[in-house]
Amino acid sequence: MDDVDRSGFGTASGSGQRPEDGPPIDRIESVFSVYEVRREDGQLVYYGDPLAHPERVMRELWPDFRERGYDAELERRRGEYVLVAEPTTVGVDGIPWTNVVLLLATVVSTLFVGAWWWYPSLDPFMNPIETVHAWPFSLAILGVLGVHEMGHYVMSRYHQVDASLPYFIPVPTLIGTMGAVIKMKGRMPDRKALFDIGVAGPIAGLVATVIATVIGLHLPPVTVDPALLQHPDAVRIELGYPPLLELLAAGFDQPLYRDDPATGVNPVVIGAWVGMFVTFLNLIPVGQLDGGHILRAMVGELQETIAALVPGALFALAGYLYYIQNHSLNTVFVWVLWGLLTTLFASVGPATPIQDDRLGRSRVVLGIVTFGLGLLCFMPVPVMIIE
């Protein structure tokens with residue numbers, strides 16, 4: 001195909017020149033023969049033919065584009081190979097109104113749910129303003145979730161991988177939210193970045209969780225009117241406590257289990273419980289979950305084989321609890337749901353780093369320790385709803 005200028009600037013194949021601020025053409029043509037370059041909506045688009053396997057082309061060229069502020073991708077368009085380089089920005093541009101609105105909505109939803117479940121003296125329907133008194137519960141929930149996601153965000157900035165600020169998800173569930181997520185916009189440069197970004201969330205979240213646990217254990221318990229428990233429409237919630245929570249309670253000599261059913265732990269402990277449960281779920285080693293990224297960085301493509309076994313293990317756990325332990329469907333549904341979710345996550349797979357070199361020993365050890373901490377956050381029966 002003839003070299004044609006269709007973009008306001010021409011290519012000079014083999015001349016050593018480069019369009020705009022992309023890498024020199026002769027560097028690109030060491031692995032990708034360019035016959036046309038265009039600028040399309042701010043992107044640099046190189047049409048040509050790869051001189052090596054497409055994965056090798058990207059391993060060779062991606063660092064050069066990254067140094068110049070571009071994220072490059074090799075695509076096929078109408079039968080042609082196209083190297084697309086899009087300008088990247090790392091950080092927040094302007095006020096992230098979507099993040100702010102979702103955060104405020106989640107504050108409202110957690111205050112409402114906290115008042116409804118764990119502050120019996122408050123009536124969120126009759127006196128919605130009074131839900132503000134449930135702020136310790138809301139702060140604990142948002143704190144552990146927010147710190148977890150900010151761990152990912154800070155490490156993404158460190159590795160120059162574009163990522164959004166956390167998006168909180170306000171849903172009137174048992175805890176008033178479905179958690180928080182960040183959106184990764186850039187590709188992973190190498191296994192170190194994939195590991196560091198993946199592991200930063202659980203570690204940061206666990207630190208916040210331990211702090212919330214210690215504070216909550218030292219706060220007064222919540223009591224309800226025993227007559228409410230006898231009401232025919234009463235619903236009682238029993239939480240399973242993970243080993244980490246039990247160890248902290250024992251270490252600080254604070255009661256976790258009480259004989260009086262009308263007395264329960266402080267709602268801040270519930271926030272810490274959420275942090276532990278979220279940590280365990282995120283460390284399940286499949287797909288785009290933190291555990292999937294960490295394990296992919298540690299063992300490479302073997303992660304996909306391990307991930308394929310996870311849904312079966314979760315379905316087996318649900319079956320054991322239902323058929324052997326005689327738990328209700330309400331109790332085991334969480335593992336059925338996560339069996340289905342991990343099937344989907346495993347089919348998508350984790351992020352694939354551009355440079356797929358092995359991790360150093362220190363990161364592998366940290367990964368093993370992190371998974372061990374995740375197991376301390378596991379509870380076979382997270383929630384029992386007794387009507």
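Me: Which residues is valine 334 in contact with, leaving aside its neighbours within four places in sequence?

Reply: In this predicted model, valine 334 contacts Phe277 and Pro382, once neighbours within four places in sequence are left aside. Valine 334 itself sits in helix α11, residues 329-348.

Me: Is valine 334 buried or exposed?

Reply: The cut-off for buried is under 20% relative accessible area. Valine 334 has 18%, so it counts as buried. The C-alpha atom of valine 334 is 9.5 Å from that of leucine 314, a residue 20 positions away along the chain.

Me: What does UniProt record for the stretch 329-352?

Reply: The unreviewed UniProt entry lists residues 329-352 as a "transmembrane region". In the model, residues 329-352 are 83% helix and 0% strand, and their end C-alpha atoms are 37 Å apart. For residues 100-119 the figures are 95% helix and 0% strand, with 27 Å between the end C-alpha atoms.

Me: Where does threonine 106 lie, and what does it touch?

Reply: Threonine 106 is part of helix α3, residues 97-118. Its relative accessible area is 0%, so threonine 106 is buried. Not counting residues up to four places away in sequence, threonine 106 touches Leu142, Phe168, Ile169, Pro170, Gly176 and Thr177.

Me: How do I read the packing of two helices?

Reply: Two packed helices are described by the angle between their axes and the distance between the axes. Here, α5 (residues 191-217) and α7 (residues 243-251) pack at about 45°, and their axes are 10 Å apart. The two helices are therefore oblique to each other. The crossing of α5 and α7 is right-handed.

Me: Which residues make that contact?

Reply: From α5 come Leu206, Val210, Thr213 and Leu217, and from α7 come Leu244, Leu245, Leu248 and Ala249. By class, the contact of α5 with α7 has seven nonpolar residues, one polar residue and no charged residues.

Me: Why do positions three or four places apart matter when I look at such a list?

Reply: An α-helix has 3.6 residues a turn, so residues three or four places apart point the same way. On the α5 side, the list includes Leu206, Val210 and Thr213.

Me: How many residues of helix α9 are buried?

Reply: Nine of the 10 residues of α9 (residues 290-299) are buried, so the helix is largely enclosed by the rest of the structure. The buried residues are Asp290, Gly291, Gly292, His293, Ile294, Leu295, Arg296, Ala297 and Met298. The cover over them includes α4 (135-158), α5, α8 (267-282), α10 (302-324) and α12 (361-376). Glycine 300 follows α9 and has a positive phi, near 70°.

Me: Which residues have a positive phi although they are not glycines?

Reply: Among them are arginine 78, with a phi of about 50°, and aspartate 253, with a phi of about 55°. Arginine 78 lies in the loop between β3 (70-77) and β4 (80-87). Aspartate 253 is in the loop between α7 and β9 (263-264). Exposed requires over 50% relative accessible area. Arginine 78, at 73%, is therefore exposed, and aspartate 253, at 67%, also counts as exposed.

Me: What are the figures for the protein chain?

Reply: The chain has 12 helices and 10 strands. Of its 387 residues, 45% count as buried. Among contacts with a separation of 6 or more, 68% are between residues 24 or more positions apart.

Technical notes
Residues numbered from 1 in each chain as written. Predicted model: local features only at pLDDT ≥ 70, side-chain atom pairs only at ≥ 80, totals over all residues. Heavy atoms only, no water. Axes fitted to C-alpha atoms, helices over the stretch in contact; angles between N-to-C directions. Helix = DSSP H or I, 4+ residues; strand = E, 2+ residues; numbered from the N terminus. Parallel < 35°, antiparallel > 145°, perpendicular 65-115°, else oblique. Left-handed = near helix turned anticlockwise from the far one by under 90°. Contact = heavy atoms within 4.5 Å. Nonpolar A, V, L, I, M, F, W, Y, C, P; charged D, E, K, R; others polar. UniProt positions renumbered as here; feature names shortened; annotations may be inferred. Buried < 20%, exposed > 50% of the residue type's maximum accessible area, 1.4 Å probe, protein only.
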